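I opened my notebook next to the viewer today. Here is what I looked up, in the order I went.

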Amino acid sequence: MTVTPYRTNIFQDRQELSQLLIKGKQQAIAKDCPQIVSISQEIPPIDPLVVLQAIAKPHQLQFYFEKSVLDAAIVAIDSAISFKTLEKNRFNRSQDFIHSVLANTICYGQVNLPFSGPHFFCSFTFFEDRLPLDAPFPSATIFLPRWQISSYKNQSVLVANIEINTQVNLELILKNLWHDFQLINLSHRCFSRIDRIEQKKLIQQELQNPERFKSSVSSALKLIKENQLSKIVLANAIDVISPHPFNLVNSLDNLRQRHPDCYIFSTSNGKEHNFIGASPERLISIRNHQLVTDALAGSAPRGKTVAEDADFADRLLNSEKERREHQFVLDFITQRLSQLGLIPQHLSTTQLLKLSNIQHLWTPIQAELPIGVHPLEIVEKLHPTPAVAGVPTKIAQAQIRHYEICDRSLYAAPIGWVDYQGNCEFIVGIRSALIECHNLSQTRTNAYRARLYAGAGIVAGSDPNKELAEIQLKLQVLLKALL
Ligand SMILES: C=C(O[C@H]1C=CC=C(C(=O)O)[C@@H]1O)C(=O)O
């Protein structure tokens with residue numbers, strides 16, 4: 001990859017932009033291989049969610065990520081180049097794809113700003129193989145977007161990635177770039193203003209067979225008693241049907257307002273399926289070779305009063321069963337990181353992560369990343385942690401397939417981005433929903449579906465009724481945000 005920093009605003013000068021595209025084409029001819037021209041530029045402060053609303057089209061790959069308490073948001077719209085696979089070895093193959101694209105990328109502009117330079121947006125399904133034939137997402141999707149717009153502490157950066165092969169019509173590319181750039185510019189004017197539509201009537205369906213869920217928990221507890229398993233995380237889903245299409249941007253806006261301390265995310269497959277959520281769980285984040293990950297497991301509701309809340313917190317921190325549930329995750333993560341040659345470090349006291357409607361036992365873990373370890377190697381090593389699968393992993397995964405009725409798709413799966421310097425941010429796709437934006441009904445009546453997912457960790461001592469109540473509490477996150 002070559003990097004040429006520029007001080008001028010490349011998008012302010014059509015002539016300049018044209019020159020860069022011509023150079024890209026010359027390079028493509030010289031190397032006899034398509035090239036990516038990647039241009040980064042600071043722009044006036046903008047809300048990436050407003051840009052998603054303003055320019056994204058249903059048939060385009062999309063990705064949105066925001067953590068309000070960090071004042072950080074990023075949106076990726078349409079793909080310059082993408083990779084999807086249904087085959088095994090998905091993490092290695094994704095890494096190969098990223099390396100091969102970067103080997104043919106020429107970067108221009110302000111490459112030293114937060115979120116500047118090329119970023120690859122990734123989603124992996126929970127299970128690698130045996131996905132249903134109608135699975136909405138393949139087991140891996142990686143794309144380098146045509147447009148990436150970020151906002152970090154009131155500083156916004158735009159990145160345009162353009163694929164140039166030996167045959168392209170540069171005039172047409174330039175025209176389209178210019179047109180989209182003007183649209184993005186126009187959305188500056190509506191900074192922080194999401195167009196709201198009035199709330200529509202939703203038909204909420206029952207939790208998919210709560211009795212079956214409870215009997216699965218009882219049956220899993222028998223396996224735990226027979227020492228076949230130590231822990232399993234069982235999920236259940238709820239389908240919400242609406243006579244009107246769901247409004248994705250409004251739902252994301254609701255999520256970020258209600259859950260500022262969670263990672264708000266949305267990814268689309270370009271075929272009108274979106275997976276959205278508000279996850280409290282970071283799988284890994286890497287900045288300048290410093291890795292941070294979370295052991296997050298063990299839950300209690302938030303209290304209605306300060307005293308009740310403190311009482312829930314106290315009981316959570318002192319529950320032997322909840323601490324054991326948490327310890328499985330902590331042991332697994334530290335062991336897996338050590339196997340990669342990292343030296344994980346964490347405080348010896350367990351902390352509480354207090355969210356709007358729930359609180360969790362939480363241990364943040366840090367490690368320095370050795371040179372040469374790719375972020376996707378770590379994602380592969382950590383996924384799925386016992387916070388979403390169980391112990392031992394393989395047996396827990398097999399039992400999850402046995403007990404759960406719905407395919408998990410991207411639920412509890414790694415979702416995030418990797419940049420050209422090896423920085424990354426991956427979350428675990430919990431507190432989430434699969435939203436179908438096309439009409440499901442064969443008849444004249446309209447029907448659109450959102451499938452909401454939530455799960456709970458089962459260990460010796462778990463009570464099926466309490467686990468069901470925990471799942472119902474977790475489902476509220478998406479239920480209250482859907483429009
Ligand atoms: C699997 C989920 O939560 C995990 C993360 C935090 C606490 C959990 C628990 O206490 O069971 C779960 O391990 C979910 O929300 O669907």
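My entries cover a strand and its partners, then the ligand, then a helix.

Before anything else, I noted that this is a predicted model, where local features need pLDDT of at least 70, side-chain atom pairs count only at pLDDT 80 or more, and totals for chains, interfaces and linings use all residues. Residues are numbered from 1 along each chain as its sequence is written.

**Strand 19.** I took helices (H or I, at least four residues) and strands (E, at least two) as DSSP runs, numbered from the N terminus. I call a residue buried if 20 or more other C-beta atoms, placed from the backbone, lie within 10 Å of its own. Strand 19 (residues 424-428) has 5 of 5 residues buried, so it is largely enclosed by the rest of the structure. I saw C424, F426 and V428 pointing one way and E425 and I427 the other. In a regular strand the side chains alternate between the two faces of the sheet.

**Its partners.** Strands pair if DSSP finds at least two bridges between them. Strand 13 (residues 282-287) runs antiparallel to strand 19, with 4 bridges, and S285 has E425 as its bridge partner. Strand 18 (residues 414-419) is also antiparallel to strand 19, over 5 bridges, and I found P414 opposite V428. In their hairpin, with 4 residues between the strands, G422 takes a positive phi near 90 degrees.

**Ligand.** I listed 18 residues around the ligand, with A297, S299, I430, G455 and G457 the closest. Strand 10 (231-242), strand 14 (290-301) and strand 21 (448-459) each supply at least two shell residues.

**Helix 2.** In helix 2 (residues 48-55), I found 6 of 8 residues buried.

Notes. A residue is buried if 20 or more other C-beta atoms lie within 10 Å of its own, exposed if 12 or fewer, and partly exposed in between; C-beta atoms are placed from the backbone. A residue is near a molecule or strand if its C-beta atom, placed from the backbone, lies within 6 Å of it.
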